Amino acid sequence: MHYRLSTDRTIPHYIAVEAQLTDITTEFVDLQLPAWRPGRYELQQFAKNIQRFSIVDGQGRALPFRKLTKDRWRVEMRGATELIAQYNYYALLPTPNLLNAGSSFINDTCLYVNPVNLCLYAEGRITEPCTLEVDIPESWTIACGLKQISPTTRWAADFYELVDCPLIAAPVLQHIQYEVKGIQFHVWIQGGRRTDGSPTFQAERIVQDFSRFSEKQIDLYGEFPEQAYHFLTLVLPVPYYHGVEHRNSTVLVLGPNDEGEGLYLDLLGVSSHELFHAWNIIRIRPTELLPYDFTQENYFPTCFVAEGVTTYYGDLMLRHSGVFTDEAYLKELQVLFKRHFENNGRAFQSLVESSWDLWLDGYDKGVPDRKVSVYHKGAIAALILDLHIRRLTNHGRSLDDVMRLMWQQFGKPFVGYTLEDYRHITESVAGESLDWYYELCIFGNQPLEAKLNEYLAWVGLQIVYEEPSTDHPGGIRLLEDDNESSRQQRAMWFGNSLTEPTHEEQAELIPTDKLGKNVVAK
């Protein structure tokens, strides 16, 4: 299939799409538009954004077609061997922020496309190579992980690769590059200027910090799945925090552009989280998602691994690499604990049930005390498991070993894993049955404060609930003690050393007004 994207010449905010299919030998062709996108496990019904739709043959003659479902069309070929589907896609979301990390957008200075939103495929030919051409001014730059075959055309091995490689095209894109262990990393920033005209982010600082956490993640797994990786970053003038993982890239949407240090910390957090996904979910993928079925829900019980473990490691890798100090990491832990225990700590569902129900209401607030966040509770469950293995083995093994084995047995060969597979590997690394862990943390809905505090105490930490007062809003608070033995265990957990606390004259690394920001929800 060859796709050509351009501005709709007659209506603003629409992307005009032409999808050309050749070498047709069948009487009928079924064309399918995806109903959801990888990284967000809910039906999004992209077909509702198509305004007009027509199909012609290679000579421009109309071909008859009819809809089979909300997003599937059957075309009568009548002897023709080529078809071109012509339609337009509304690329202006009905929100104040106009776009997110999983949408598409077009205006006079930016073309931002998630191909999964607007590229349809032909049934039975989804594994064939694809080309994507964008009609943009010659002076514009394209940021994309797909192979370039001309200045405005990219190539994908199949539809699965195409829809996992978003692109940004604009007249001005800040491009920052660095290399780690032979892997080329690209940080692309669109809209990266403050109101006063100065850069939103310092290139030298990005190179230094991104190199450190990228190297630490590669060290954990022993290798990187791709030869290059792209951080596609859109900076908005309004508050925003969103990231979506892809095969060899990620889309990050952040704001406001004038926030300063807080925005940079957001960039670090979401970038480390999404990079970890390059292994965990992109390649270490549940068997229920191999291959993706874009037509319907793909239910799976292990999103606490895909998202919970990734949420845990996103910040931990920043601490292990020295990008975060102890204080910065502990503040992020407190934010995590507050989000779970103050919002969903007594919810009825287990992690497995909430993984399954992502397709129902996983991204909505939902009714009170029904579900848990696979991100927040999943990360707490991962922390408990990590500290349990470390305590059993005096830090000889950890959750790192679990993820390395998951990579070697499932990610690298790219075969799907089951919940039973994950359980088997965790128990083999622990060297014992983990019935208690799965019954309490994964399959159960009992409160986790007591068990969490049991393991936090080993590293000199404790969560407590404080009643609100005139001086303090109350709620969950993370405390630390000065016991030397506990501090030594914490140092091993943090990567073999502790940092000095920040000086009083330094600004807080994570201001208290950040505590309400949902930093991992997609």
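## Basis of the description

Two strands are said to pair if DSSP finds at least two bridges between them. Helices (H or I, at least four residues) and strands (E, at least two) are DSSP runs, numbered from the N terminus. The structure is a predicted model, in which local features need pLDDT of at least 70 and side-chain atom pairs count only at pLDDT 80 or more, while totals for chains, interfaces and linings use all residues. Residues are numbered from 1 along each chain as its sequence is written, and side-chain values use heavy atoms, with hydrogens and water left out.

Strands of a sheet pair through backbone hydrogen bonds, in either a parallel or an antiparallel manner. Strand S1 (residues 2-7) runs antiparallel to S2, and six bridges join the two. Within this pair, Thr7 stands opposite Ile15 of S2. S1 and S2 form a hairpin with six residues between them, and His13 in the turn has a positive phi of about 70°.

S2 also pairs with strand S7 (residues 83-90), in the antiparallel sense and over eight bridges. Here Leu21 has Leu83 of S7 as its bridge partner. A residue counts as buried under 20% relative accessible area, as exposed over 50%, and as partly exposed in between (1.4 Å probe, protein chains only). Strand S2 (residues 14-21) is largely enclosed by the rest of the structure, because six of its eight residues are buried.

## An open sheet of four strands

Four strands form an open sheet in the order S5-S6-S3-S10, with antiparallel pairing. Strand S5 (65-69) and strand S10 (121-122) stand at the edges with a single partner strand each, so one side of each has no neighbour in the sheet. Strand S3 (residues 28-32) and strand S6 (residues 72-76) are joined in the antiparallel sense over five bridges. Arg74 in S6 is the bridge partner of Asp30.

## An open sheet of five strands

A further open sheet has five strands in the order S16-S17-S18-S20-S19, and its pairing is mixed. Strand S16 (174-180) and strand S19 (240-245) stand at the edges, each with a single partner strand, so one side of each is left without a neighbour in the sheet. From one strand to the next, the twist averages 15°. S16 and strand S17 (residues 183-190) run antiparallel and are joined by seven bridges; the bridge partner of Gln177 in S17 is His186.

Two helices are placed against this sheet. Contact means heavy atoms within 4.5 Å. Axes are lines fitted to C-alpha atoms, for helices over the stretch in contact, and angles run from 0 to 180 degrees between N-to-C directions. H3 packs on the sheet and touches S16, S17 and strand S18 (228-235), its direction making about 40° with that of S16. Helix H4 (residues 261-276) lies across S17, S18, S19 and strand S20 (249-255), and runs at about 160° to S20.

## Helix packing

The axes of helix H3 (residues 203-221) and helix H5 (residues 303-320) come within 9 Å and cross at roughly 110°. H3 and H5 are therefore roughly perpendicular to each other, a term that covers angles of 65 to 115 degrees. Phe213, Lys216, Gln217 and Leu220 of H3 make the contact with Tyr313, Met317, Leu318 and His320 of H5.

In helix H12 (residues 435-442), the residues Tyr437, Tyr438, Leu440, Cys441 and Ile442 are buried. The buried residues of H12 pack against H5, helix H7 (351-356), helix H9 (376-393), helix H11 (419-430) and H13.

## Salt bridges

Side chains of opposite charge can pair when their charged atoms come close. A salt bridge is a side-chain nitrogen of Lys or Arg within 4 Å of a carboxyl oxygen of Asp or Glu, and the structure holds 32 salt bridges. One of them joins Lys331 and Glu327 (3.2 Å, N to O). These two residues are separated by about one helical turn because they are four residues apart in helix H6 (residues 326-343). Lys331 is buried, with a relative accessible area of 17%, whereas Glu327 is partly exposed at 25%.

Asp361 and Arg370 also meet in a salt bridge (2.6 Å, N to O), and Asp361 is buried, with a relative accessible area of 13%. Another salt bridge links Glu454 and Lys451 (3.1 Å, N to O), which are three residues apart in helix H13 (residues 449-458) and hence separated by about one helical turn. Elsewhere, salt bridges that share partners join Arg4, Arg9, Glu133 and Asp135 into one network.

Note on methods
Parallel < 35°, antiparallel > 145°, perpendicular 65-115°, else oblique.
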